[in-house]
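Please look through the structure below before reading on.

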Amino acid sequence: MLASSYPILDIFLTTLYFFLFIIWIWLLFMVFIDIFRSHDMGGWAKALWVIFIIVMPYLGVLVYLIARGGKMHERDVQMAQAQDQAFKQYVQQASGGGTADELAKLADLKAKGTISDEEFNQAKAKILS
């Protein structure tokens, strides 16, 4: 009885609308996150964007993506690079291996004759860069 009153095309359309709504909610959250993460806007500009998005949600998100969409990507990349650099510094600090320790180990390998002068200079340049 249910199949006759709710055809398969309606099921597909309902599923499509559901996923489009989920995507829009995700975009809405990403825009709000980007507004508050943005350092190139002042407080008033952030407040106006938030009000615009609350008053006219669909149009507000669309206009924000058109006006500032490219900068959203740049801020995402900068944040990812900063997190990656912080993680690398933490791992290096936690492992106890600093530049001086690595150079000392490298000099010890050279003194033992394990590596040649050329390999030592290449590795030293890599560590110092």
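Angles between helices run from 0 to 180 degrees between N-to-C directions, with axes fitted to C-alpha atoms over the stretch in contact. The model is predicted. In it, helix H5 (residues 99-112) packs against helix H6 (residues 117-128) at an angle of about 175°, and their axes are 10 Å apart. Angles over 145 degrees count as roughly antiparallel, and H5 and H6 are therefore roughly antiparallel to each other. On the H5 side, the contact is made by Thr99, Glu102, Leu103, Leu106, Ala107 and Lys110. H6 contributes Asp117, Phe120, Ala123, Lys124, Ile127 and Leu128. By class, the residues of this contact are seven nonpolar, four charged and one polar.

Elsewhere in the chain, which residues make up the largest nonpolar core? The core has 11 residues in all: Trp24, Leu28, Val31, Ile35, Met41, Trp49, Val50, Ile53, Val61, Tyr64 and Met72. In soluble globular proteins, nonpolar side chains tend to be buried together. Helix H2 (8-37), helix H3 (43-55) and helix H4 (57-95) each give two or more residues to this core. H2 gives the most, with four residues. Val50, one of the core residues, touches Phe32, Ile35 and Phe36, leaving aside residues up to four places away in sequence.

As for confidence, the protein averages a pLDDT of 86, and 95% of the residues score at least 70.

Key
Residues are numbered from 1 along each chain as its sequence is written. This is a predicted model: local features need pLDDT of at least 70, side-chain atom pairs count only at pLDDT 80 or more; totals for chains, interfaces and linings use all residues. Side-chain values use heavy atoms; hydrogens and water are left out. Angles under 35 degrees count as roughly parallel, over 145 as roughly antiparallel, 65 to 115 as roughly perpendicular and the rest as oblique. Contact means heavy atoms within 4.5 Å. Ala, Val, Leu, Ile, Met, Phe, Trp, Tyr, Cys and Pro count as nonpolar, Asp, Glu, Lys and Arg as charged, and the others, Gly among them, as polar. A nonpolar core is a set of buried Ala, Val, Leu, Ile, Met, Phe, Trp, Tyr and Cys residues joined through side-chain atoms within 4.5 Å. Buried means under 20% relative accessible area, exposed over 50%, partly exposed in between (1.4 Å probe, protein chains only). pLDDT is the predictor's confidence in each residue, from 0 to 100.
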